Amino acid sequence: MPAAPNRRLVAVVLLVPVVVALALWAFAWPAARMAPRDLPVGVAGAAPAAGQLAQQLEQRDGAFEIHRYDSEAAARTAIEDRSVYGAVVVTPKGPELLTASAAGPVVAQLLREAVAASTAAGTAVPVTDVVAAPAADPRGSVLGASILPLAIAGVAAGSAVTLLRLRGGRAVTALLGVAALVGIVAAALTDSWLGVITGDWWSEAGTLGLTVLAIGATVAGLAALVGPAGVGLGSLLMVLVGNPFSGVTSAPELLPRPVGAIGQWLPPGAGGSLLRSVAFFDGRAASGPALILALWAALGLTAVIGGGRRRLPAPDVPEATPSRQPALAG
């Protein structure tokens, strides 16, 4: 057997297990180490009872980042602004818990358990869901599962642009067209049909489309800069790293450090955070993730245009041949 096929055979046999191990690590490790890490939580009420409760929560080995508020109204506003995931309000009758299941049902359940553990045994803690998840998706399962299809759509768009050898303006037009259509179709399915997101329809479509554009432009841009290997590199970055690190199924603060922070700087994580903001919180706290997505999209499209220009073949210029004059008869 020739040496080259032997090397290819060994490469395939070794590469597939490596990819599988990477996928298992990326998806299983964050899920297996899920716990609150500096999770923003509010405490409202008069001292000293509110201060005592805040101290009890702060003693949980860095699990919570406590924000103090003077009143229940201030705590509600902070939840609606996405400054905190929930708040404990200390009243003369005892503590009351404010949650926002739309920000993450897993976090809301975790806060219930933490507050129950911090109060006297047998004490019932009233719970108010300030920003509730939609009735069609109370556990946030659909929203959490929506980021992977968007990542696949973006990778497919970037791969198609590369395989079809689209360059310059045509490549940019293709990526923009795919992103716009995917955004409209995805909003029609998740909002109009399933009812699992309930915000402004066009803002949701724009968010979904911008997420696809950021991913697709990155994949196509990497391919334009480094060749076909860029498609594989972009796919690994967006699907095997960006998706499990996004924290969209729970919360970035529940993932191991620095996974949660890294995920929010990648398009899947930024897209998931932006979608929550526009779908359930009237666009509050949307500027950060929107800027991250726009930056990825701009850098990717710039690479697509620049790489396409660099790869354009030089025009063939025919060599000049000396003209032969007919011999003059003497």
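Me: What is the volume of the second largest cavity?
Reply: The second largest cavity has a volume of about 30 Å³. On a 1 Å grid over the protein atoms alone, a cavity is a set of points where a 1.4 Å probe fits but cannot get out, and lining residues have an atom within 4 Å of a point. Points are joined across faces, edges and corners, and a volume is the space filled by probe spheres set on them.

Me: Is this an experimental model or a predicted one?
Reply: This is a predicted model, where local features need pLDDT of at least 70, side-chain atom pairs count only at pLDDT 80 or more, and totals for chains, interfaces and linings use all residues. Residues are numbered from 1 along each chain as its sequence is written, and side-chain values use heavy atoms, with hydrogens and water left out.

Me: Back to that second cavity. Which residues line it?
Reply: Its lining consists of Val-41, Leu-57, Phe-64, Val-88, Leu-97, Leu-111, Ala-114 and Val-115. Helix α4 (residues 105–118) gives the most, with three residues. Helices here are DSSP runs of H or I with at least four residues, strands are runs of E with at least two, and both are numbered from the N terminus.

Me: How many of the lining residues are nonpolar, polar and charged?
Reply: Eight are nonpolar, none polar and none charged. Ala, Val, Leu, Ile, Met, Phe, Trp, Tyr, Cys and Pro count as nonpolar, Asp, Glu, Lys and Arg as charged, and the others, Gly among them, as polar.

Me: And what about the largest cavity, how much space does it have?
Reply: About 50 Å³. Its lining has seven nonpolar, two polar and two charged residues, and among them are Asp-137, Arg-276 and Phe-280.

Me: Which residues have the most contacts inside the largest nonpolar core?
Reply: Those are Leu-39, Phe-64, Leu-111, Leu-175 and Phe-280, in a core of 68 residues. Helix α8 (residues 201–226) gives the most to this core, with seven residues. A nonpolar core is a set of buried Ala, Val, Leu, Ile, Met, Phe, Trp, Tyr and Cys residues joined through side-chain atoms within 4.5 Å. Buried means under 20% relative accessible area, exposed over 50%, and partly exposed in between, with a 1.4 Å probe and protein chains only.

Me: Why would such side chains sit together?
Reply: In soluble globular proteins, nonpolar side chains tend to be buried together.

Me: What does Phe-280 touch, leaving aside its neighbours within four places in sequence?
Reply: Phe-280 is in contact (heavy atoms within 4.5 Å) with Ala-102, Val-131, Pro-134, Leu-143, Val-196, Ile-197 and Thr-198.

Me: New topic. Is Gly-86 buried or exposed?
Reply: Gly-86 is buried, because its relative accessible area is 0%. It lies in the loop between α3 (72–80) and β3 (87–91). Beyond four places in sequence, the contacts of Gly-86 include Pro-40, Ile-79 and Leu-111.

Me: Where is Asp-282?
Reply: Asp-282 is in the loop between α11 and α12. Its phi is near 55°, a positive value in a residue other than glycine. Asp-282 counts as exposed because its relative accessible area is 68%.

Me: And Ala-285, what is its phi near?
Reply: Phi of Ala-285 is near 60°, also positive in a residue other than glycine. Ala-285 is found in the loop between α11 and α12, and is partly exposed, with a relative accessible area of 43%.

Me: Last one. Which residues does a cis peptide bond join?
Reply: Arg-257 and Pro-258, with omega about -5°. Pro-258 is in the loop between α9 (229–242) and α10.

Notes
1 Å grid on protein atoms, 1.4 Å probe; cavity = no way out; pocket = protein on both sides within 12 Å on 5 of 7 lines; lining within 4 Å.
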